[in-house]
Amino acid sequence: MDYLLIGILTYILLQLVIGLVVSRRISSESDYLLGGRSLGTGLATLSVFATWFGAETCIGASGAVYEGGLSAATIDPFGYSMCLILMGILFSIPLWKRNLTTLADLFRLRYSIAVERIAVLLMVPGIIMWAAAQIRAFGQVLTAVSGVELELAITSATIVVILYTVYGGLLADVVTDAIQAVALIIGLFVLFYVMTELGGGLQQSLQSIDSQRVQFFDAENQSVWARVELWAIPICGSLMSQELISRVLASKSPGVARKACISGGLLYLAVGLIPITIGLIGVNSIPDLQHPEQILPLLARQYLTPALYIIFAGALISAILSTVDSALLAASALVSHNLLHPVLGHRFEVSKLRLVRITVLVSGGTAYVLALHADRVYSLVEEASAFGSAGVFTVVIFGLFTRIGHSYSAIAALVSGVTAWIFGEYVFHLQTPYLISLCMALLSYLSVAMLENKFRPLKSVGSM
């Protein structure tokens, strides 16, 4: 297996070199965070797809389907593809026209500095958990390929990812995204084709799947509200993610932003069905797997030739690299641009770039700790989408499309949303904590908005 590991490491090194070469064009914070706002439709589409198509689909979803059938894959790819399409249809153009650098800028411009800072504190933990999921998946791939301990593999993955992100910036991220997207699609199609051919063809392979495992909803164990919860988390919880919005803001026109999100979402759904199907078929090939999240790399090692396996493993790593790079960059953008720069008063682009790269290191280290202690990739992704996002979603909807509510309304929604989710998830262990947090955020926003209108003028909270 040494030659396989060498081939994969060579592939990773090439990705790092590409990132370093492209990063030489970076001269300002805008270049680093938004690629100079110059993305065309092709690059933006592939970047949206590659950024979202990461560990949760290749590793997490296929493992979840292997273990629990199709009903375990509601979130991915179905929920997230709908999230991308809705971003394109409803939000991309209004957001692009605001001329923002990060989503948190909207909170400052529409509400106050206090709302901006609170929103950042709520958004960053979810992004870090998302990055941790990708790092853990990277470790799973390296473990399956090389046989090293998972902890050592995760550590190695973290070092590579942080180096890749610190120097690359969004422009390098987008260029490598395009290469990674093509490699990923080819790799998944190769594995799918080989598996179905060995199984007697596509029709016979699909017929071999147990009918109980292809039920889209688990009607026996899930209530209607539990199903709504499963769809609400990836859609409402990820629509306002900085990773996705950075691609919208980096597009060179509102039309490009819209087309990229819709096309990226459709591509995501089409390609995302491949690992789901492989997870369903894989039970027959490797039953009783101890670590279900290793199903894809293990099947590839069993069925592919060494050359094809290198292509597949490189493609799998591509998906993870493109996603974790974007996650760490998003967290660093929010912390440096919206929290630290205003406090430190940096006026020069050199100091701004230095600061955002330092925050990448800190974000990567935090994600590493989470990745080591998480049980599953899929659980990390679900928590990342749910944490703090109910209030953010509510505030963005009202802030972007209405003039209802002011600073206190936004703060009430943000605080009540995350509080309701934490208590519902970890204290009371409710079945639908995210839906409850959405309702609490909405009610809090509207209730305080009524009071704001009644007792205006209120003292500004922008100085908080």
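I looked up Ser416 and found its place in helix H18, which covers residues 407–427; helices here are DSSP runs of H or I with at least four residues, strands are runs of E with at least two, and both are numbered from the N terminus. I note that this is a predicted model, in which local features need pLDDT of at least 70 and side-chain atom pairs count only at pLDDT 80 or more, while totals for chains, interfaces and linings use all residues. Residues are numbered from 1 along each chain as its sequence is written, and side-chain values use heavy atoms, with hydrogens and water left out.

Is Ser416 buried or exposed? With a relative accessible area of 13%, Ser416 is buried, where buried means under 20% relative accessible area, exposed means over 50%, and partly exposed lies in between, using a 1.4 Å probe and protein chains only.

I then looked for partners of the Ser416 side chain, and found a polar contact with the side chain of Ser444 at 2.9 Å. A polar atom of the Ser416 side chain also lies 3.4 Å from the backbone oxygen of Ala413. (A polar contact is a pair of N or O atoms within 3.5 Å; within protein, one must be able to donate a hydrogen and the other to accept it, and residues adjacent in sequence count only if both atoms are side-chain atoms.) Leaving aside residues up to four places away in sequence, Ser416 touches Met440, Ala441 and Ser444, with contact meaning heavy atoms within 4.5 Å.

I found Gly237 in helix H10, residues 224–239, and it counts as buried at 14% relative accessibility.

**Cysteines**

How many disulfides does the structure hold? I found zero disulfides, taking a disulfide as a pair of cysteine sulfur atoms within 2.5 Å. The closest cysteine sulfur to that of Cys83 is in Cys261, and at 8.9 Å it is too far for a bond. Cys439 is likewise in no disulfide, since the nearest cysteine sulfur, that of Cys236, is 11 Å away. Cys83 is buried at 0% relative accessible area, whereas Cys439 counts as partly exposed at 48%.

**Aromatic rings**

My search of the whole structure gave 10 aromatic pairs. Rings of Phe, Tyr and Trp (its six-membered ring) pair if their centres lie within 6.5 Å, and planes under 30 degrees apart count as stacked, over 60 as edge-to-face and the rest as tilted.

One of the pairs joins Trp52 and Tyr80, edge-to-face, at 6.5 Å centre to centre with 75° between the planes. Trp52 lies in helix H3 (residues 41–52) and Tyr80 in helix H5 (residues 74–97), so this pair ties together parts that are 28 residues apart in sequence. The rings of Trp421 and Tyr426 have centres 5.6 Å apart and planes at 90°, so this pair is edge-to-face. Trp421 is buried at 4%, while Tyr426 is partly exposed at 40%.
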